[in-house]
Amino acid sequence: MRGMDASGRIARGRPPGHSVGPARLPRGGEQYGTTRSRSERRGETGAVSTQKATNITWHEGHVERADREKLLGQRGVTVWLTGLSGSGKSTIAVAAEKALVERGRMAYVLDGDNVRHGLNSNLGFSPDDRTENIRRIGEVAKLFCEAGVIVFTSFISPYREDRDRVREIHGDGDFVEAYVAASVETCEGRDVKGLYAKARKGEIPEFTGISAPYEEPEKPELVLDTNAQSVEESVGELVGFLERKGYLSAR
């Protein structure tokens, strides 16, 4: 991958499921300034959705998902790219999108930074805001998926609980967790945006991998080891996975 140096290979043998960054305290521990659980605090702040609207009814349409997928010649799926900042999530996502569009497939990227310019512009990087960020984008990704689109989401999404919640709202086979695996050393060595340097100076609080935790996926459908792989190799592996699993053709 661009900007990679040999030192990035040191973490290749680490199994999925490892936590990166400072040790994570129990939900709501001293790190977050309260002894209550995150779930309790989210209920107070509204960071996680509870059904507030009343007198609403789900309105069924006249077009089935299968009709859309037949029209597009593919299966809708959410490919959830998760990993540290600088691991290559966005680079892989946009390259994979281009590769699929060139093959006549409908694909779209939902990028973490881009979404924070609009839909999630009112959210910061506190644990609760991160949870709400992922909840919102999970619901948006689900809509794309049900429309028959292959949607790549590029989000650090550091907490397993939040990623698992997104998986749960998707149907069987509609969610693919792709762990873009790169060590902190590899990502910090790239530091294209200069964020790690700022985090080391204390200029960016709650920076994942430095001053905030990242919980690696325990059983991802796909692992892209960008410590060693080039962008082209990672995209090839990702597109190959989608093809083998039948997502590039209608049901």
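Ser-157 is buried because its relative accessibility is 4%, where buried means under 20% relative accessible area, exposed over 50% and partly exposed in between, computed with a 1.4 Å probe on protein chains only. The model is predicted: local features need pLDDT of at least 70, side-chain atom pairs count only at pLDDT 80 or more, and totals for chains, interfaces and linings use all residues. Residues are numbered from 1 along each chain as its sequence is written, and side-chain values use heavy atoms, with hydrogens and water left out.

- Ser-157 is not a glycine, yet its phi is positive, at about 40°.
- Ser-157 sits in the loop between β4 (150-154) and α6; helices (H or I, at least four residues) and strands (E, at least two) are DSSP runs, numbered from the N terminus.
- Asp-191, also a residue other than glycine, has a positive phi near 40°.
- The loop between α7 (184-190) and α8 (195-200) holds Asp-191, which is buried with a relative accessible area of 18%.

**His-170**

- His-170 belongs to the loop between α6 (160-169) and β5 (175-181).
- With 7% relative accessibility, His-170 is classed as buried.
- The side chains of His-170 and Thr-78 form a polar contact of 2.9 Å; a polar contact is a pair of N or O atoms within 3.5 Å, and within protein one must be able to donate a hydrogen and the other to accept it, while residues adjacent in sequence count only if both atoms are side-chain atoms.
- The backbone oxygen of Val-166 is reached by the His-170 side chain at 2.9 Å.
- Beyond neighbours within four places in sequence, His-170 is in contact with Thr-78, Gly-138, Ala-141, Lys-142, Cys-145 and Phe-175, contact meaning heavy atoms within 4.5 Å.

- Glu-69 is part of helix α2 (residues 65-72) and is buried at 1% relative accessibility.
- Neighbours within four places in sequence aside, the contacts of Glu-69 include Gln-74, Arg-75, Gly-148 and Arg-251.
- Gln-74 lies in the loop between α2 and β2 (77-82) and is buried, with a relative accessible area of 0%.
- Gln-74 and Ser-249 are 175 residues apart in sequence, while their C-alpha atoms are 4.0 Å apart.
- The Gln-74 side chain reaches two backbone oxygens: that of Met-106 at 2.8 Å and that of Gly-148 at 2.7 Å.
- Not counting residues up to four places away in sequence, Gln-74 touches residues including Glu-69, Arg-105, Val-149, Tyr-247 and Ala-250.

**Helices α3 and α9**

- The axes of α3 (residues 89-102) and α9 (residues 231-244) come within 9 Å and cross at roughly 55°; axes are lines fitted to C-alpha atoms, for helices over the stretch in contact, and angles run from 0 to 180 degrees between N-to-C directions.
- The two helices α3 and α9 are therefore oblique to each other, given that angles under 35 degrees count as roughly parallel, over 145 as roughly antiparallel, 65 to 115 as roughly perpendicular and the rest as oblique.
- Residues making the contact include Thr-91, Ala-95 and Leu-100 of α3, and Val-231, Ser-234 and Leu-242 of α9.
- By class, the α3 contact with α9 has ten nonpolar, two polar and no charged residues; Ala, Val, Leu, Ile, Met, Phe, Trp, Tyr, Cys and Pro count as nonpolar, Asp, Glu, Lys and Arg as charged, and the others, Gly among them, as polar.
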